[in-house]
Amino acid sequence: MSEQSSSSPRLAGKVAFITGAASGIGFACAKRFAFEGAKILGFDLNPCAKWSEIEALTSAQFVQGDVTSLSAQQAAVDLAVAEWGRVDVLMTAAGIADAGPVHMVTEDAWDKVLDINLKGTFLSIKAVLPQMMEQGGGSIITVASIEGLIGSEGGSSYNASKGGVVLLTKNVALDYGRKGVRCNCICPGFINTEMLRATIDHDFMADYKQAVTNESTFGRLGKPEEIAGAAFFLASEDSSFVSGQSLAVDGGYTAGHNHGLVELMGLA
Ligand code: NAI
């Protein structure tokens with residue numbers, strides 16, 4: 001992808017509201033959507049040192065705020081509508097990691113991860129829906145995780161929050177389809193971002209890092225841009241008959257287990 005916007009932009013005229021836009025998956029999606037001609041309203045708790053890369057591609061605004069605040073998200077949506085008249089795409093990439101089996105997770109830690117990952121997603125959707133219904137439709141793309149589809153060791157609160165996002169997505173799809181609103185969920189596998197590096201880049205996690213890398217059928221971690229490719233499909237009219245789905249973008253991680261037969265068969 002060159003730094004210039006696409007010569008035939010597929011999201012021209014669309015406005016995208018993206019939470020978690022300062023970093024990792026959210027930033028990569030902001031950049032891809034901008035490249036495809038969408039106007040971008042980025043929202044994040046933290047400032048974004050690289051936002052000028054988005055502004056070089058498209059008309060863009062960045063708002064610092066917390067997804068646990070409906071009023072903060074509503075103000076950002078109102079700004080997008082004041083600037084550009086509509087919101088066509090919502091992408092909810094804000095989130096935090098957490099780990100620990102139930103007996104080790106405090107109530108405060110549980111509340112925090114559920115508040116940001118699940119309630120934050122609910123509030124993002126709540127903030128954009130009136131505008132999407134008024135304008136006749138839109139595409140909502142939530143971000144859960146493969147850990148919202150299958151269990152993983154020590155993942156109680158995080159996995160519960162992401163499982164909630166998967167089911168919330170289906171319900172929003174059911175409730176608002178006749179208003180022209182589609183809602184789909186991306187379930188990333190292990191993607192090389194700040195969040196993942198903060199978890200696995202420790203000496204004591206070396207075996208875990210190797211194991212999750214091997215479990216991808218490609219034997220590598222994913223890139224944020226590979227999530228952005230799937231998000232672009234869900235944001236564009238190419239997915240006009242797709243709603244209520246959870247798309248694992250995980251290098252085949254959830255396709256099954258690798259127990260070494262690929263190597264025995266000479267396919268490694
Ligand atoms: P990241 O840490 O690079 O980006 C997350 C962004 O969310 C950060 O910019 C952070 O400031 C923002 N954020 C956190 N709490 C917030 C709040 N209360 N209000 C507003 N913004 C807030 O992480 P990454 O990897 O890009 O994660 C994006 C989403 O993808 C998260 O929901 C994460 O759970 C999910 N995910 C990531 C995977 C990975 O391997 N990186 C795997 C599966 C899911």
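Here's a quick rundown of the ligand site and the cysteines in this structure. It's a predicted model, where local features need pLDDT of at least 70, side-chain atom pairs count only at pLDDT 80 or more, and totals for chains, interfaces and linings use all residues. Residues are numbered from 1 along each chain as its sequence is written, and side-chain values use heavy atoms, with hydrogens and water left out.

**Around the ligand**
- The ligand is surrounded by 28 residues (a heavy atom within 4 Å counts as near), and the closest are S23, I25, D44, Y158 and T193.
- By type, the shell splits into 15 nonpolar, 9 polar and 4 charged residues, with Gly counted as polar and Tyr and Cys as nonpolar.

**Polar contacts** (N or O pairs within 3.5 Å)
- The side chain of S23 puts an N or O atom 2.5 Å from a ligand oxygen.
- T193 has a side-chain N or O atom 2.5 Å from an oxygen of the ligand.
- With I25 it's a backbone N or O atom, 2.8 Å from a ligand oxygen.
- The protein covers 93% of the 830 Å² of accessible area that the ligand has on its own (Shrake-Rupley, 1.4 Å probe).

**Cysteines**
- There are 0 disulfides here (cysteine sulfur pairs within 2.5 Å).
- C29 is in no disulfide, and its nearest cysteine sulfur, in C185, is 12 Å away.
- C29 is buried at 0% relative accessible area (buried means under 20%, with a 1.4 Å probe and protein chains only).
- C48 is too far for a bond because its sulfur is 13 Å from the closest cysteine sulfur, in C29.
- C48 also counts as buried, at 13% relative accessibility.

Key: Polar contact = N/O pair within 3.5 Å; in protein donor to acceptor, adjacent residues only side chain to side chain. Buried < 20%, exposed > 50% of the residue type's maximum accessible area, 1.4 Å probe, protein only.
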